[in-house]
Structures are given as C-alpha cells and as structure tokens.
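I opened this one to see how its parts pack together. Here are my notes, in the order I looked things up.

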Amino acid sequence: MIETRNLTVSLGDHCAVRDLSMKLGSGELVGLIGPNGAGKTTLMRALLRLIPCENGEIFLNDKEITGDPAHFHAGKIAYLPQGQDIAWPLTGRRLVALGRVPHQSSWSKLSAEDDAAIDAAMELAQATEFADRPVRQLSGGERARILLARALAVGADTLLVDEPTAALDPYYQLTAMEALKSAAKQGTSVCVILHDLNLAMRYCDRLYLLSQGRLVADGKPQDVLSDANLKSVYHVDVARDAQSGLIVSHHLIG
Amino acid sequence: MALVTYFRTHPYSLNLALALCLGMVMFVGLFLGYAPVGIVDATQGLLGIGEEQYVFIIQDIRVPRIVLGALVGGCLGTAGAALQGLLRNPLADPGVIGISSSAGLGAVIAIYFGLSSVYAFSVPALAILFAIGSMFILVWLAGRDASILTLILAGVAISSLAVSLTSLAMNLAPNPYSLSDIVMWLLGSLSNRSYADLALSGPFMAAGLLLLFGSARNLPALTLGEDTAASLGVNLGRLRLQVIFGSALSVGASVAICGTVSFIGLIAPHLVRPLTQHDPGRLLLPSGLLGALILVVADIAVRVAPGAIELKLGVVTALLGAPFFLWLIIYTRRSMR
C-alpha cells in the first residue's frame, strides 16, 4: 500500500510532478498513463526516494517514508525500471535471485523459501526456460521477461513497474499483464506505467492520467480513457469498437 | 571443459584449487633465486633447522619477498575485481583509473623530501593518502552514473597528472643518486624487502582487503544499475566509499611496498570471471588468489631470468599486461556491439 499527498518533485528547474495525491490499495492493479514527459517515471523514482521530493509526503503502509534514504524499506517496495541495462552476463536464475537480496542475511545462501519465490516468479513471468542461459544472449523481449521475474521475486507488498510490455510481442504483453494481475490478486499493490491504452483498459482496476506533471483524471479505466481526456491530453482522436469500447485506431486531431 | 563446469557450479573448488596452486608456487619460489638452494636445504631452512646460511637466505630474504609478493598480488587482484563490480566495467583497474600512479606520486614525494629516511612510515602513509585523494577526484570528475568512456578518460587524466608531477619531482631531483632511487623504486620490485616492510604495510593491506571483501554481498545487486540496487536495499553511498577506500588502502600499501606493478587487477579478474558465472561478488576471492599467483610467478621469473641486471617486476607485468589490455578493449568492444 503506497500513498502520496500533494507531492511535488523538481528535476533541476523543471517541475516534473506537481501537487500530486494518489493512493494504491493492497490487491489493486493501478495504471499510470500519460504522454511522454508527463512525469510518470519521475513519480515512480520519487516514490522510491531515488530523487528528493520538494513538497508533500509519501506513505508506505500508513507510515511516512518521505525523507527515508532509498535503501530503506527494501523488500517492501520492488521496482522494475524501463530499459534496464544488465552489466554482467549472469545466468537467468542468478539474475532473478537478485530479487531476494533484501531477504538474505549477510553471506547467507538462498533459503528454501528464497528458492520457492524465485521459481514461482520465473513461472509467473514465463521465464523458466532462461534459467541457465546467460542473460546477455537473450533477446530484448526475453530479457524483459526475466527482469519482470526478478521484480516479482522480491515478494514486496508494493510493486512499481515502468513499461513492462514495451519490448514484448502481443502474446507476452498479455502474459506480463496476467502476471501483474495475479501478483495483485495475491494482495500486492501494483502500479504500472503503460503506453498501450487498451492494455490499461483491460487489465487495470484504476488509472491515473498524468499530463505535464499534474493529475488530470483518475478512476475507472472507461471513465479516465474518455474521448475528451484523450483529446485534451494526448491530442488524438480515437475510433472505438462499439461493443468493448477498446481503441481501434487513433489519429491526429483535424 | 569438465573442470570449468565443475568450478562454475562449485565456488569453493575454484578457491581451493587456486589456493593450492598459490601454496605450491610460493614453496617452489623458496629454492629459486640467485643462490641455488636445494629442495631439502630450502625445507630445512624454512623450518629453521638446516645450515645457518640457508636458514638466513630462506627465512630472512625469500620468505618476506614471497609473502609480500602474494599479498601485493592479492590486493591488486581483489581491488581490480571490486572496482570492476562497483563501476560495472570490465576495464576498471587500480592502474587504469589512476590509483597506482597517484599512490606512486605520494611515495615519490616521501622519498624526494627525505621523509622516508626520517619516518619509514611516511611512504605507505603518503601513498595511501594520495590514492584516496585520487579516487575522490575520480568520483567527482566522473559523476554518479558515469559511462565507461567518462570513467576511463577521468582515470587517464588523473593518471597523467600524477605521472607528470612524479616527473617534476625527478626533474628537480637534487642529485643523480636520489633520481636513480626514485626511478628504481618506480619500476617496481620486490628485491630486498624485509619483515619491516611487511609490518609497515601489512595492516593497511589487511584493512583494505577486509573492506573489499565486505562489499562482496552488495556488488551483485549493482548488475542491474544503481536505482535497482538501491531498491534492493543497497546503501550506494556506503558501498562506493567502501570499495574506493578499500582499493586505496590495499593498493596504496602495495605500491608503497614494491612500486607501481600494473595490470594485475585487470588480468586476474578477467581470467576467473567466466569460472564464477560472472558473479561480481563471487569474483573477489578467486581474483585475489589468482593475482597473488601471477605476481609470485612473475617475481620468480624475474629472479631466475638470466642476465647481469635484474629485470624489474613492474616492467615484466606491464610488458605482459599492456598487450592484454589492448586485446581486452577489442574484445569488449566486440561483445558490447
């Protein structure tokens, strides 16, 4: 469970997030959407205290954590950044095992519980087949799956995921969203940044729509992704499937 | 190949094998040198029960030299591995990023101003101080999320500055004897080292190694970058200081003992990395052991090489290391594509 109250974050002179209040309950899959430069990633990094907040508060499980250093609360919040670079060609399983670092005491080996969490995460992210392969040899989409497994393996109460579907083919886009959904079903608060609005509409319980650092709309996906909102924030007209309401195509206004 | 697979899956076997090799090479080193000493005399000398001259040669000349060689190699190998893990960069090395030349500058200043003859302690102290200072400049120059290129360039800049200041000291040397003292010391050698040197630098090396080995648990998390490492509970500020201070202490003390011996920190981790499944934490101990092994072997080679003038240890490791570094750059560039 994570919450912000009137959060303002600046990057240099640029105010990236303005006066933003949001709340993720446990078991919720919440989408963070908005055009490029809306402040989505900055908000996530601020939640992790990787960048300082100028104003406002952050609460984790009803406890204020605004000023705590980034390495505090490890194991309670898991983070999967976008386009992650992997420095060494570890094997898939060793990489996923990094997710267990917060649970290991110094020098200790993986416990049976760690092993079980790693196996479950790899299965959920459909990455089991890469267990023994050096991650450098994997394709972009395969890496994305193993990295998702790494984030799931933490077993945190709150999971922050930045564009997990960007490199994935249509099939694995769905399996990645299913994995996040089932993590949410197990009680995790999941916050996911998405550019695919249809995936957001189909999988998320609620959406927060950001534009220029401000919260424009929040609520049920159908309400947030209204024609008017898409027009004002994304500057596109959309054509929808009459039955499902899903977006069939989008084009420039006019 | 079967052995390689076994080493990969059994971390202790690799360390054990390297330690055994190191022990063997150190023992062989006892009876190789200018004065030939047979294996029986060497063993008796080691135990202090043989003829007096052999006891003296083995215990007072060869043992400190070999032990110091192993320690220096161990420090260089471990520091190289830890720096590579911290900087996420296989080209990092105490020499390449300027620790060694800065430590060398500190030691030369101690020699140049005659501090070394008044306080023997001043050589390791200044070497370590300069090594730490250079690392702060490096971190400041390269910034937090430095690219490989920025880091190497910053290291090159620091290295050149240290080398040019060292040259200035040589330029201004008051007489040819002190000049030759500095030059001979800079070339790197383990000859005529005693227990006093061990007592002087040993504690710094031990402290540095402790700091470095303490970082082993947190280095793997850095594989995924600093943001993810922080989210996994790694205190990045502390880890950075730990590795930088650890390297500066151990390498500074090593340079104080035997001058600048380069490239061990680059070669050793690179050779054992595939055997540790590229795990930056598991890499530290085998890198240290292999570094020790390489340096002891190189020192034996220096001692048994024919010729009237003894080759300097630093010259030998640089001759081996520089082509290796070149190959490593080409190889890394190819694998990064």
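**Two helices crossing**

Helices here are DSSP runs of H or I with at least four residues, strands are E runs with at least two, and both are numbered from the N terminus. I'm working with a predicted model, where local features need pLDDT of at least 70, side-chain atom pairs count only at pLDDT 80 or more, and totals for chains, interfaces and linings use all residues. Residues are numbered from 1 along each chain as its sequence is written, with chains lettered from A and ligands numbered from 1 in the order in which they are written.

The axes of helix 4 (residues 52-87) of chain B and helix 14 of chain B come within 6 Å and cross at roughly 140 degrees. Axes are lines fitted to C-alpha atoms over the stretch in contact, with angles from 0 to 180 degrees between N-to-C directions.

Next I checked which residues meet, that is, have backbone-placed C-beta atoms within 7 Å. Among them are B:G73 and B:G77 in helix 4 of chain B, and B:G288 and B:D299 in helix 14 of chain B.

I looked up its cover: 16 of its 21 residues are buried (20 or more other C-beta atoms within 10 Å of a residue's own).

**Between the chains**

I found 24 residues from chain A and 19 residues from chain B in the contact. Strand 6 (residues 77-80) of chain A gives the most to chain A's side, with three residues.

Conventions. A residue is buried if 20 or more other C-beta atoms lie within 10 Å of its own, exposed if 12 or fewer, and partly exposed in between; C-beta atoms are placed from the backbone. Two residues are in contact if their C-beta atoms, placed from the backbone, lie within 7 Å.
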